[in-house]
Amino acid sequence: HSGRALLSIVDEILDTSKAEAGTLGVTARPFEIVPLVESVVELMAPRAHAKGIEISAFVGAEVPGVLEGDEQRIRQILFNLCGNAIKFTERGGVTLDFHWNGDPAELSFTVSDTGIGMSEDESRRIFDDYVQANDTTQSRYGGTGLGLAISKRLVESMQGSITATSAAGYGTLFSVRLPAAKRDLEQMRE
């Protein structure tokens, strides 16, 4: 666990450096959305269950099975958002919710939790580098304050948007919108 935590911090610092240098790469390729979502939930579930909370996902029927986008970066965003949601949730759970808008073509998803939430002022600052909601959060929960800043940079590098809606004591909802092209399975296999 310690080795993974250290590697995660190093990766976040490297991604921050790449973003500052303008070399944070995004590669669009066809990928299947349901296996991506399932893999994120499966990998995050032990962490959630160890805290006695649930993690679940819903992919709307309108979401194409195959999209074109940067699967690795979307996975990284989901890990960051889910990791934070689990970290700050003591009761209840974390929910991932995916939808598709065909005009303009975009994938939208939310990661919501029933955790500690944040004030309006705190939710404005959380996308800044090395910033956490407040000093109590830092001392109680740890972390580098880079995950959300990196997620924002990744979303923006894909021409998307990310927002946070929260209320202290009532949880947090992160909303992400990403332009994405619909692909069919035959194109993916070629």
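Is F127 buried or exposed? At 14% relative accessibility, F127 counts as buried, because the cut-off for that class is under 20%. The model shown in these views is predicted.

**View 1. An aromatic pair joins F127 and F174.** The ring centres of F127 and F174 lie 6.1 Å apart. Their planes stand at 85 degrees, so the pair is edge-to-face. That class takes planes over 60 degrees apart. F127 sits in the loop between α4 (120-125) and α5 (135-141). F174 belongs to strand β7. The pair therefore ties together parts that are 47 residues apart in sequence. F174 is buried too, with a relative accessible area of 6%. The count of aromatic pairs in the model comes to two.

**View 2. The largest nonpolar core holds 41 residues.** I33, I55, L81, L96, L107 and F109 have the most contacts inside this core. Six elements are listed as giving two or more residues: α2 (33-50), α3 (71-87), β4 (93-102), β5 (105-113), α6 (147-157) and β7 (172-179). α2 gives the most, with eight residues. In soluble globular proteins, nonpolar side chains tend to be buried together.

**View 3. L96 and its contacts.** L96 is one of the residues with the most contacts inside the largest core. Which residues does L96 touch, not counting those up to four places away in sequence? They are V40, V41, I55, S56, A57, F58, L78, C82, T110 and V111.

**View 4. An open sheet of three strands runs in the order β1-β3-β8.** Its pairing is antiparallel. β1 (29-32) and β8 (181-183) stand at the edges. Each has a single partner strand, so one side of each is left without a neighbour in the sheet. Neighbouring strands are turned by 40 degrees against each other on average, direction ignored. α2 packs on this sheet and touches β1 and β3. The direction of α2 makes about 65 degrees with that of β1.

**View 5. Strand pairing within the sheet, residue by residue.** β1 pairs with β3 (residues 66-69) in the antiparallel sense over four bridges. F31 stands opposite L67 in β3. P30 stands opposite E68, also in β3. How many bridges link β3 and β8? The two strands pair over three bridges, again in the antiparallel sense. Here V66 stands opposite R183 in β8. Strands of a sheet pair through backbone hydrogen bonds, either parallel or antiparallel.

Methods:
Residues are numbered from 1 along each chain as its sequence is written. This is a predicted model: local features need pLDDT of at least 70, side-chain atom pairs count only at pLDDT 80 or more; totals for chains, interfaces and linings use all residues. Side-chain values use heavy atoms; hydrogens and water are left out. A nonpolar core is a set of buried Ala, Val, Leu, Ile, Met, Phe, Trp, Tyr and Cys residues joined through side-chain atoms within 4.5 Å. Buried means under 20% relative accessible area, exposed over 50%, partly exposed in between (1.4 Å probe, protein chains only). Contact means heavy atoms within 4.5 Å. Two strands pair if DSSP finds at least two bridges between them. Axes are lines fitted to C-alpha atoms, for helices over the stretch in contact, and angles run from 0 to 180 degrees between N-to-C directions. Rings of Phe, Tyr and Trp (its six-membered ring) pair if their centres lie within 6.5 Å; planes under 30 degrees apart count as stacked, over 60 as edge-to-face and the rest as tilted.
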